[in-house]
Amino acid sequence: MILKEVYYFFIPPPKWRVAVIIALAVLTGTGLVIFHISNASSYLSDNPRACINCHVMTTEYASWQRSSHARVATCNDCHVPHNSIIRKYSFKASDGMRHAAMFTFRLEPQVIQIKEAGQNVVQENCLRCHSDQIHATYLSRSINAEENKSGIGRFCWDCHRETPHGRIKSLSAYPDARVPQLNPVIPEWLDNFTK
């Protein structure tokens, strides 16, 4: 009986069915176009090119590309948690939604600043990769942002400021940065048709 009530709850009255089907088709089509244009599937990968889907990240990409980390680590190796796949993709989803909202509403800053959650993840990953080099120091314990604000510890980049992005972090820092070109969002057949 309950299943029947649920079924009828989601089925529109006969006079509304065509309008509801058209509205759902338009919403689905719009969602698929936005998914394609934003290159959303690229964010599921660990490819650093996904980070430059937005022009604001080109300076970070260019500085990473010329650093020693480029040979051994991708963006996700440093900026995404690695202790569980659930934490990794939930972090990517929450961070990605924040970025999407900022870029959609043109709220992106000229100088990129890492948020507290990101700082903690980067610190975890520094310790994960370099644990054999810091075993004898007080940095071998996990340091979070609250401890850092209270002066009890330091982040790795407090001393290693230029690793891997350099000191200058703005859109004008690398005006002629050579980064891979993005693929066009308009399909070739449509581009040819409009010409």
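The expected span of a helix is taken as 1.5 Å times one less than its number of residues. In this predicted model, helix α6 covers residues 116-130, and its 15 residues should therefore span 21 Å, which agrees with the 21 Å between its end C-alpha atoms.

**Helix α6**
- Several residues of α6 are buried, namely Gly118, Gln119, Val121, Val122, Gln123, Asn125, Cys126 and Leu127.

**Aromatic pairs**
- The structure holds 2 aromatic pairs. One of them joins Tyr61 and Trp64 in a tilted arrangement, with 5.6 Å from centre to centre and 50° between the planes.
- Both Tyr61 and Trp64 belong to helix α3 (residues 58-65), where they sit 3 residues apart, about one turn of the helix. An α-helix has 3.6 residues a turn, so residues three or four places apart point the same way.
- Tyr61 counts as buried because its relative accessible area is 7%, and Trp64 is likewise buried, at 10%, the cut-off for buried being under 20%.
- Phe155 and Trp157 form a stacked aromatic pair, with 4.5 Å from centre to centre and 5° between the planes.
- Within this pair, Phe155 is buried with a relative accessible area of 3%, whereas Trp157 is partly exposed at 23%.

**Nonpolar surface patch**
- Ile2, Val6, Phe9 and Phe10 make a nonpolar surface patch of about 510 Å².
- Phe9, which lies in helix α1 (residues 2-10), has a relative accessibility of 66% and therefore counts as exposed, since exposed means over 50%.

Definitions and conventions
Residues are numbered from 1 along each chain as its sequence is written. This is a predicted model: local features need pLDDT of at least 70, side-chain atom pairs count only at pLDDT 80 or more; totals for chains, interfaces and linings use all residues. Side-chain values use heavy atoms; hydrogens and water are left out. Helices (H or I, at least four residues) and strands (E, at least two) are DSSP runs, numbered from the N terminus. Buried means under 20% relative accessible area, exposed over 50%, partly exposed in between (1.4 Å probe, protein chains only). Patches are made of residues with over 30% relative accessible area and no salt bridge: like charges are joined within 9 Å, nonpolar side chains (Val, Leu, Ile, Met, Phe, Trp, Tyr) within 5 Å. Accessible areas come from the Shrake-Rupley method with a 1.4 Å probe; for residues, only the protein chains shown count as cover. A salt bridge is a side-chain nitrogen of Lys or Arg within 4 Å of a carboxyl oxygen of Asp or Glu. Rings of Phe, Tyr and Trp (its six-membered ring) pair if their centres lie within 6.5 Å; planes under 30 degrees apart count as stacked, over 60 as edge-to-face and the rest as tilted.
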